[in-house]
Amino acid sequence: MLNFSKTKPFSRKTIIQKFTDGSLDNIINQSKADQYNYRRVLVNNPEWADLSAYQSKKPWGKNFYKTPGTLYEVHVKDFDLVLNPVLQFQLSKENDNSEQLFLNTRGVRIRGRIANKIGFDSYLSDNQERDPLYVQQWEKKYSSVPGEGYYKFFKTTGYDYFDARGYFTFGSTKYIDVAFGYDKNFIGNGYRSLFLSDFSNNILFLKLNTRIWRFNYQNLFMELHTTEPRGPDRLLKKKYAVMHHLDVAVMRSVNVGLFEGVIFGRPDHFEFGYLNPVIFYRSIEQQNGSFDNSVAGIDIKANVKHAVQLYGQFLLDEFVLSEIKKHRGFWGNKWGIQAGVKYIDAFGIKNLDLQLESNRIRPFTYSHNDSIANYTHYNQPLAHPLGANFRELIGIARYQPAPKWLLLGKLFYWKQGIDSSTTVSYGSNIFLPNTLRNKDFGFNVGEEVYQAKTFIASFLVSYELKQNLFIDLSAFFRKYDVAARPLLSMNTTVVSLGVRLNMNRREFEF
């Protein structure tokens with residue numbers, strides 16, 4: 001399972017082709033858990049897989065749950081339709097908090113395809129939640145709910161929001177796929193991404209994906225919202241992002257990617273030069289007077305003996321070579337680096353997967369000289385949720401001891417030089433203009449007057465009662481320590497019990 005693309009979401013068609021054309025025979029073994037997972041993938045994609053061997057033993061009447069993973073489906077000439085409910089109910093208890101934490105989600109997901117050419121996918125859900133105290137502090141500080149858009153207050157300390165996503169796809173030629181809609185995207189092999197993550201709110205996007213020979217070339221054109229305080233209903237100001245990522249299979253087990261992106265906003269027009277899908281965006285940005293926020297990067301993925309994957313990203317925002325040589329901590333040297341490793345069936349233990357990842361981002365990376373062109377959307381970071389000026393280490397262990405069981409443990413630790421106000425920037429708060437700095441030199445990663453140390457440990461036990469119906473029991477611990485400002489320090493312990501159908505868990509790992 002180490003050969004899928006660096007760009008997400010994955011194509012259902014591509015996944016099913018991988019599972020059915022024999023290319024995964026050397027990875028999928030005959031353990032009960034792997035057989036179960038193989039079956040789950042097929043059953044969850046009835047529009048692409050032959051499910052004649054997976055019909056439900058006890059369907060609901062004649063029209064519902066004909067296959068175990070789908071409430072209602074239609075498969076006729078030139079038309080496929082898949083409809084499923086989306087549900088999640090979770091109750092949690094937090095230490096030092098007299099209020100009950102909860103998550104209540106109800107919705108529906110509809111997807112399908114027309115004439116094997118046009119695909120569509122729509123996700124609609126109504127949500128109410130009360131989050132841990134540290135998340136409530138984040139929401140008050142940034143006037144946003146992580147991963148979501150417009151919201152209303154619910155029972156004073158809770159939030160009510162409607163999550164609507166939808167897009168359609170079509171193959172314009174044999175080698176080019178087009179997607180247009182409103183959803184999240186992710187670029188990278190790591191748990192975090194320094195290029196583009198799915199942490200922020202849904203984004204209006206146009207995506208062109210060209211796959212030919214050893215190349216996979218993706219263009220993303222996105223409409224974003226600028227950083228603004230939350231207020232009464234009004235038209236929010238827009239800004240734009242264009243990104244492209246070229247992935248090259250230099251060897252069968254080695255991929256190298258090149259990334260470039262620009263964030264820009266104009267009060268009176270759109271910068272049409274950025275619509276060119278094959279030009280270097282930096283050259284256009286320079287022609288415009290170097291006014292916009294441009295970034296570039298490189299990533300690599302290497303698979304070793306179908307068991308180990310080495311991966312990494314390097315993001316370059318700005319740099320001055322002469323200052324790098326002087327080692328003076330120049331503020332304008334802005335970059336981030338990621339290095340990680342995945343170990344599948346670790347130490348010969350079937351279905352035990354381990355991951356270790358390190359992320360390091362210098363101060364002021366992703367920020368800009370104004371509050372428009374920073375690397376954000378809807379008051380949330382577009383890439384790493386911590387922003388900048390930190391060093392982070394992540395460890396993840398995933399174990400499936402039996403077909404329906406999942407044990408998942410995660411550890412996070414980071415040091416970050418935090419900003420103490422909105423009038424002076426020390427480089428961690430990427431929403432602040434970098435012109436608010438009080439010096440030009442002496443900026444080192446995670447080292448400022450106010451240094452925050454954060455440790456997170458979480459453990460999840462999940463059981464799949466029925467197809468895509470999970471019961472989750474989890475424990476979460478977070479220790480946040482600011483030695484120079486003890487009043488900001490806090491410890492958080494949360495124990496949760498929940499049930500979910502056809503959706504992922506909601507996480508707050510920042």
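## Thr-156

Thr-156 counts as exposed because its relative accessibility is 69%, where exposed means over 50% relative accessible area, buried under 20%, and partly exposed in between (1.4 Å probe, protein chains only). Thr-156 is found in the loop between β6 (151–154) and β7 (158–171), the helices (H or I, at least four residues) and strands (E, at least two) being DSSP runs numbered from the N terminus. Its phi is near 70°, a positive value in a residue other than glycine.

## Basis of the model

This is a predicted model, in which local features need pLDDT of at least 70 and side-chain atom pairs count only at pLDDT 80 or more, while totals for chains, interfaces and linings use all residues. Residues are numbered from 1 along each chain as its sequence is written, and side-chain values use heavy atoms, with hydrogens and water left out.

## Tyr-65

Tyr-65, a residue other than glycine, also has a positive phi, near 50°, and is placed in the loop between α2 (32–43) and β2 (72–76). With a relative accessible area of 15%, Tyr-65 is buried.

## Pro-9

The peptide bond that leads from Lys-8 to Pro-9 is cis, and its omega is near 10°. Pro-9 belongs to the loop between β1 (7–8) and α1 (12–20).

## His-225

His-225 lies in strand β11, which covers residues 215–225, and it counts as buried because its relative accessibility is 14%. When residues up to four places away in sequence are not counted, His-225 touches Leu-236, Lys-237, Lys-238, Lys-239, Thr-376, His-377 and Tyr-378, contact meaning heavy atoms within 4.5 Å.
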